[in-house]
Amino acid sequence: MSFVIFCIGAAGYSAIEYIFRGYSHWSMALTGGACLLIFYYFAEAAERIPMIVKAAVGAVIFTVVEFFVGLLVNIAYKWDVWDYSHKPLNLLGQVCPEYSVKWFFLCFLLLTLAALFKSVRTFTRSVGKNKGNHRFQRGCVYRIIKKDNERDKSNPYDMRRDKT
């Protein structure tokens, strides 16, 4: 699972760069994979923490990793992959508050998608476990038929006819 998460982060980070900058660098794919993997493990461990706090921590994770990768690839190796020195409140031209805020919203979106994926996965697993259970299947069918046949007398807009 870790490899899949890493690959999604690498592809996603690169795609974001291609969409907004028109190009990317292989180091950014590695950075994106590492960031999403760290964020994934944090979010799994911090299950009971509110989503807004998780998104804030995620923004910090992405910003800190991007800062250290920037120190390596831009300052030490002088590859000039990116330069935020023209942005207000930048830190050595590697990170700035503008992108930290964007990472916050992206992390919030990622957490929302992860929660949706987890609920769908949980539902499909519960249905799969009860696939051979005829009592479960008959109970579901019975509830559906019973609900369909019962007219809601408290709802004046219920147009189903009485079968009596």
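This is a predicted model: local features need pLDDT of at least 70, side-chain atom pairs count only at pLDDT 80 or more; totals for chains, interfaces and linings use all residues.

Biologist: At what N to O distance do the side chains of Lys 102 and Glu 98 meet?

Modeller: They form a salt bridge at 3.1 Å, N to O. The cut-off for such a pair is within 4 Å. Lys 102 is partly exposed, at 45% relative accessible area. Glu 98 is partly exposed too, at 33%.

Biologist: Which residues are linked in a network with Glu 98?

Modeller: Lys 87 and Lys 102; salt bridges link them with Glu 98.

Biologist: How many salt bridges does the structure hold?

Modeller: Four. Take Arg 21 and Glu 17 next. Their closest N and O atoms are 3.7 Å apart.

Biologist: Why are Arg 21 and Glu 17 separated by about one helical turn?

Modeller: Because they sit four residues apart in helix α1, which covers residues 2–21. Now check accessibility, where under 20% is buried and over 50% is exposed. Glu 17 has 9%, so this residue is buried. Arg 21 has 28%, so this one is partly exposed.

Biologist: Which salt bridge ties together parts that are 71 residues apart in sequence?

Modeller: The one between Glu 47 and Lys 118, at 3.7 Å from N to O. Glu 47 lies in the loop between α2 (26–45) and α3 (51–76), while Lys 118 lies in helix α4 (residues 97–129), so the pair joins parts that are 71 residues apart in sequence. Glu 47 is exposed, with a relative accessible area of 53%. Lys 118 is partly exposed, at 34%.

Biologist: What does Gln 94 touch, leaving out residues up to four places away in sequence?

Modeller: Read the contact list residue by residue. Gln 94 touches Glu 66, Phe 67, Gly 70, Leu 71, Asn 74, Ile 75, Trp 82 and Tyr 84, with residues up to four places away in sequence not counted. For a C-alpha view, compare Gln 94 with Val 64. They are 30 residues apart along the chain, and their C-alpha atoms are separated by 9.8 Å.

Biologist: Which backbone oxygen does the side chain of Gln 94 reach?

Modeller: That of Leu 92, at 3.0 Å.

How values were computed. Residues are numbered from 1 along each chain as its sequence is written. Side-chain values use heavy atoms; hydrogens and water are left out. Helices (H or I, at least four residues) and strands (E, at least two) are DSSP runs, numbered from the N terminus. Buried means under 20% relative accessible area, exposed over 50%, partly exposed in between (1.4 Å probe, protein chains only). Contact means heavy atoms within 4.5 Å. A polar contact is a pair of N or O atoms within 3.5 Å; within protein, one must be able to donate a hydrogen and the other to accept it, and residues adjacent in sequence count only if both atoms are side-chain atoms.
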